[in-house]
Amino acid sequence: MNKTEANISLFIITFFSAIQYVFLANIPESVSDFAFLTVTNLIGFGIAFAFFFGELFRIDKKQIIQSLVLSAELFGFNLFVLLGTSGVGATVSVCVLSAYFLFVPLFSLILFKKKPDKFSLIGIATALMGLMIILNRDISGITNIHILYLVAADVFFALYILTVSHYTSKSNPSILAMGQMFFNAIFALIFWIGEAHLTHTPMSLPSDAKFWGSVLFISLFIRGMYGVVQIYAQRYVSALNTSLIFSSEIIVTMLMSPVLALLFGTQAEVITPLKIVGAIVMTGGILIADSSFTDGIRRRLTHEKK
């Protein structure tokens with residue numbers, strides 16, 4: 001895999017992440033969020049295990065600890081997403097959760113003493129401007145505890161992306177992907193048991209086909225493929241560029257909404273001219289922050305001057 005293939009791979013899993021909300025809508029409210037996390041992570045681990053079983057013979061104590069750290073960061077992200085999205089609208093949730101790229105250069109500077117270059121900073125500012133244009137009036141009246149939960153989720157995901165970039169250069173991506181799913185399933189199971197005990201509810205799951213269809217989609221494309229592809233791709237793509245690519249999920253969700261509404265009978269997102277402008281500005285920011293894109297532009301301009 002080279003850098004171009006890695007970028008394409010990250011955009012592909014961003015697409016699957018964007019359409020997962022159609023399948024998440026099939027999860028009954030009676031189902032515990034921790035139960036869903038437990039089942040999908042276990043199935044995702046099983047799928048990855050079937051493909052990468054041989055890699056486990058290379059496992060060592062360091063990679064087990066690294067998998068545990070990654071799973072803790074991911075679980076923190078999922079936990080605060082659950083707390084945050086329960087109190088605000090879907091549009092606001094997606095927009096706030098798309099802003100984790102703002103924390104990546106800050107944490108990179110604090111943890112690894114790595115300063116972002118000027119094009120990265122310009123790209124971040126441009127992408128943020130596009131995000132705010134898309135959000136538009138929905139920004140008013142959202143200063144509440146649920147927004148703080150979503151910001152906490154952004155912090156955890158930014159740390160996760162940076163940790164992945166730090167680990168993948170020296171560790172086996174397949175082992176890390178399997179490990180994080182395994183430990184996430186354990187964390188979720190513990191919380192599920194605790195929740196069932198406190199609320200005096202049985203630890204059961206629905207048997208209808210729609211629910212299990214959603215479970216399989218999330219397990220295969222979000223837990224399994226997403227986790228494995230991201231960890232492999234981040235060997236070639238920086239943490240900042242990865243976070244900006246992932247933040248484009250809001251654009252994919254918006255553009256795919258009419259198609260998904262036609263296929264699944266869901267409510268289509270209202271696409272206004274302002275949202276289209278915001279999407280264009282945000283895409284421009286992602287391209288500006290991409291060093292390979294800006295380097296290519298500089299080389300072309302230099303060549304034309306000669």
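The model is predicted, so local features need pLDDT of at least 70 and side-chain atom pairs count only at pLDDT 80 or more, while totals for chains, interfaces and linings use all residues. Residues are numbered from 1 along each chain as its sequence is written, and side-chain values use heavy atoms, with hydrogens and water left out.

Helices here are DSSP runs (H or I, at least four residues), numbered from the N terminus. Axes are lines fitted to C-alpha atoms over the stretch in contact, with angles from 0 to 180 degrees between N-to-C directions.

| Helix pair | Angle | Axis distance |
|---|---|---|
| Helix 10 (residues 239-247) and helix 12 (residues 273-289) | about 165° | 10 Å apart |
| Helix 2 (residues 33-52) and helix 3 | roughly 145° | within 11 Å |

Take helix 10 and helix 12: they are therefore roughly antiparallel to each other (angles over 145 degrees). On the helix 10 side, the contact (heavy atoms within 4.5 Å) uses Asn-241, Leu-244 and Ser-247, and helix 12 brings Met-282, Ile-286 and Ala-289. That makes four nonpolar residues, two polar and no charged.

Over at the other pair, Asp-33, Phe-34 and Leu-37 of helix 2 touch Phe-75, Asn-78, Leu-79 and Leu-82 of helix 3.

How far apart are the end C-alpha atoms of helix 3 (residues 61-85)? They sit 36 Å apart, which agrees with the 36 Å that its 25 residues should span at 1.5 Å a residue (1.5 Å times one less than the number of residues). At the start of helix 3, Asp-60 puts a side-chain oxygen within 3.2 Å of the backbone nitrogen of Lys-62.

How values were computed
Helices (H or I, at least four residues) and strands (E, at least two) are DSSP runs, numbered from the N terminus. Angles under 35 degrees count as roughly parallel, over 145 as roughly antiparallel, 65 to 115 as roughly perpendicular and the rest as oblique. Ala, Val, Leu, Ile, Met, Phe, Trp, Tyr, Cys and Pro count as nonpolar, Asp, Glu, Lys and Arg as charged, and the others, Gly among them, as polar. A polar contact is a pair of N or O atoms within 3.5 Å; within protein, one must be able to donate a hydrogen and the other to accept it, and residues adjacent in sequence count only if both atoms are side-chain atoms.
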